[in-house]
Amino acid sequence: MGTIEREDDTYIGPFNLIDDNLHLLMKRGSEIGNYNTIKGNGKVIMGQNAVISDYCSILTTVRSAYGMMGEHAPPKFTDPTDADIYIMDDAYIGAYSVICPGVRIGEGAVIGAYSYIMKDVPPNTIIRFKPKKLETERRWFRGKDVEQQ
C-alpha cells in the first residue's frame with residue numbers, strides 16, 4: 001500500500017487496491033468505497049467530503065499503447081505519463097468510473113456511474129453517461145441556489 005495521509009472522519013472501504021508508489025491525501029470527511037483501483041506514481045488529493053464510490057479506477061500513470069510493443073516501439077513513445085489527480089471538496093465519483101491522469105474534478109461536481117473522465121470537470125457540474133447529453137450544470141448545492149453564490 002502506498003503513502004496515505006488521512007484527516008479525521010475519513011473512510012477507506014475493504015478490498016481496495018492502492019499502488020505502492022502512490023501518495024493519497026484525504027481531507028476531513030472524504031470516503032473511498034469498495035473494490036477500487038488507485039494506481040500510479042502520482043498523487044491523489046481528495047478534498048473535504050469528497051467521495052469515490054465502488055469499483056472505480058483512479059489512474060495517475062498511463063503508458064501509451066506503444067509501451068506494449070517493447071523494443072519495437074519508438075523510444076519517445078515508451079515513457080509513462082504521470083500526473084496528479086485532484087478531487088475537490090464535496091465532489092462525487094459514481095461507480096465503475098475511470099479517472100485519467102492530470103484531471104481536476106471541481107468543487108461540488110458529480111460524476112455519474114460508468115463515466116470515463118479525461119479532462120477537467122468544472123465546479124458544480126454533473127457528468128453523466130447518456131448519449132448526446134454529457135454535461136449539465138448543478139443548480140442546487142447544500143441548500144443554496146448555485147447562481148446566488
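The following legends describe close-up views of a predicted model.

Local features require pLDDT of at least 70 and side-chain atom pairs pLDDT 80 or more, whereas totals for chains, interfaces and linings use all residues. Residues are numbered from 1 along each chain as its sequence is written, and side-chain values use heavy atoms, with hydrogens and water left out.

**View 1. Overview of the protein chain, which has 21 strands and 0 helices.** Strands (E, at least two residues) and helices (H or I, at least four residues) are DSSP runs, numbered from the N terminus. Of the 149 residues, 38% count as buried, meaning under 20% relative accessible area, with exposed over 50% and partly exposed in between (1.4 Å probe, protein chains only). The accessible surface comes to about 8900 Å², and carbon and sulfur atoms account for 51% of that area; accessible areas come from the Shrake-Rupley method with a 1.4 Å probe, and for residues only the protein chains shown count as cover. Among contacts (heavy atoms within 4.5 Å) between residues at least 6 apart in sequence, 20% join residues at least 24 apart.

**View 2. The open sheet of 5 strands in the order β1-β4-β7-β12-β15, with parallel pairing.** One side of β1 (3–6) and one side of β15 (104–105) are left without a neighbour in the sheet, because each of these edge strands has a single partner strand. Two strands pair if DSSP finds at least two bridges between them. The parallel strands β1 and β4 are joined by 4 bridges, and Thr 3 has His 23 of β4 as its bridge partner. Strand β4 (residues 23–26) also pairs in the parallel sense with β7 (residues 43–46), over 4 bridges. Here His 23 stands opposite Lys 43, and Met 26 opposite Met 46.

**View 3. Side chains of β4 and the largest nonpolar core.** The largest nonpolar core has 25 residues, and Val 44, Met 46, Ile 58, Ile 87, Ile 93 and Ile 105 have the most contacts inside it. Two or more residues of this core come from each of β4, β7 and β12 (85–87). Such a core is a set of buried Ala, Val, Leu, Ile, Met, Phe, Trp, Tyr and Cys residues joined through side-chain atoms within 4.5 Å. Beyond residues up to four places away in sequence, Val 44 touches several residues, including Leu 24, Ile 38, Ile 58, Ile 85 and Ile 87.

**View 4. The open sheet of 5 strands in the order β3-β6-β9-β14-β17, with parallel pairing.** At its edges, β3 (17–18) and β17 (116–117) each pair on one side only. Strand β14 (residues 98–99) and β17 are parallel and share 2 bridges, with Val 98 opposite Tyr 116. Lys 119 lies in the loop between β17 and β18 (125–127) and counts as exposed because its relative accessibility is 60%. The C-alpha atoms of Lys 119 and Pro 101 are 8.8 Å apart, with 18 residues of separation in sequence.

**View 5. A nonpolar surface patch formed by Phe 15, Tyr 35, Tyr 55, Tyr 96, Tyr 114 and Phe 129.** Together these residues have about 740 Å² of accessible area. Patches are made of residues with over 30% relative accessible area and no salt bridge; like charges are joined within 9 Å and nonpolar side chains (Val, Leu, Ile, Met, Phe, Trp, Tyr) within 5 Å. A salt bridge is a side-chain nitrogen of Lys or Arg within 4 Å of a carboxyl oxygen of Asp or Glu. Tyr 35 occupies the loop between β5 (31–32) and β6 (37–39) and, at 39% relative accessibility, counts as partly exposed.
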